[in-house]
Amino acid sequence: MAFVTRQFVRSVSSSSTASASAKKIIVKHVTVIGGGLMGAGIAQVAGAAGHTVVLVDQTEDILAKSKKGIEESLRKVAKKKFAENPKAGDEFVEKTLSSISTSTDAASVVHSTDLVVEAIVENLKVKNELFKRLDKFASEHTIFASNTSSLQITNIANATMRQDRFAGLHFFNPVPLMKLVEVIKTPMTSQKTYESLIDFTRALGKHPVSCKDTPGFIVNRLLVPYLMEAVRLYERGDASKEDIDTAMKLGAGYPMGPFELLDYVGLDTTKFIMDGWYEMDAKNPLFQPIPSLNKLVAENKLGKKTGEGYYKYK
């Protein structure tokens, strides 16, 4: 009986320890690496939700531009959200801005953060170098997340010693308006990390969806092949790009046709995704190179941002 009692006590003790170790991280302090549109957007929504945020980029000039963009975006949100109470809108803007600080030295700020969200250039080597460096300075409990839309999270996580505290957090542009966040769980991501990130995205007022570490996750894995099939249809001469766009808007209820969307997203961005997928699985017919896309990118006709892509813009 004494043996059974000892075993029971030991079992309860072990369960309590396991339960304590499995406790979720409540994210309060967030470090966002990258002051571009995505990084600034993530910093904005995190600050607006009451988190303490540090936005990091390479120069003060970039960060000043980021902060200006955040303020302009916040004022648009406030104008709509507090239409009948402009004073409350001004207070919302000021409070959010006061919760977002900036830094050009990521290593010096990650030691006290709960979550690092990376939103830098889509280059595996650059991301790996960043996370490998930050891994040495961040607290043991700190979760790392990448906002990549095309690279495998596992390949980025492997640059660190915290694969169990590493996941994907894929926000959508523009971050303040788009409700969806894809939470990517690798085979090494712990349940505690995953649940902590689900809670974090909900705290931002977003709707999280879960996905394994598969190419393109959910949205891009379905969206990009659709866009490429539209281009192949056009390249074969089966239909004009104008008629394809009209058909998908009027027949499928899409707000933009595939060629309009390609030009809006940027042809270079789409080509980057396709090249990466082709490299991973060259035999997949959906990942085959697109001649017209490659030609336009080579000519620096990248869509709306350059004034010409599949369409011309004034």
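These legends describe close-up views of a predicted model. Local features need pLDDT of at least 70, side-chain atom pairs count only at pLDDT 80 or more, and totals for chains, interfaces and linings use all residues. Residues are numbered from 1 along each chain as its sequence is written, and side-chain values use heavy atoms, with hydrogens and water left out.

**View 1. Helix α2 spans residues 37-48.** Helices (H or I, at least four residues) are DSSP runs, numbered from the N terminus. From first to last C-alpha, α2 reaches 16 Å, close to the 16 Å expected at 1.5 Å a residue; the expected span is 1.5 Å times one less than the number of residues. Of its 12 residues, 10 are buried, including Met38, Ile42 and Val45. Buried means under 20% relative accessible area, exposed over 50%, and partly exposed in between (1.4 Å probe, protein chains only). Gly50, with a positive phi near 100°, follows α2.

View 2. A salt bridge is a side-chain nitrogen of Lys or Arg within 4 Å of a carboxyl oxygen of Asp or Glu. Glu229 is partly exposed at 37% relative accessibility, whereas Arg232 is buried at 13%.

**View 3. Lys305 pairs with Asp268 in a salt bridge.** The closest N and O atoms are 2.9 Å apart. Lys305 lies in the segment after α13 (291-298) and Asp268 in helix α12 (residues 267-280), so the pair ties together parts 37 residues apart in sequence. Lys305 is exposed at 53%; Asp268 is partly exposed at 27%.

Key
Helix = DSSP H or I, 4+ residues; strand = E, 2+ residues; numbered from the N terminus.
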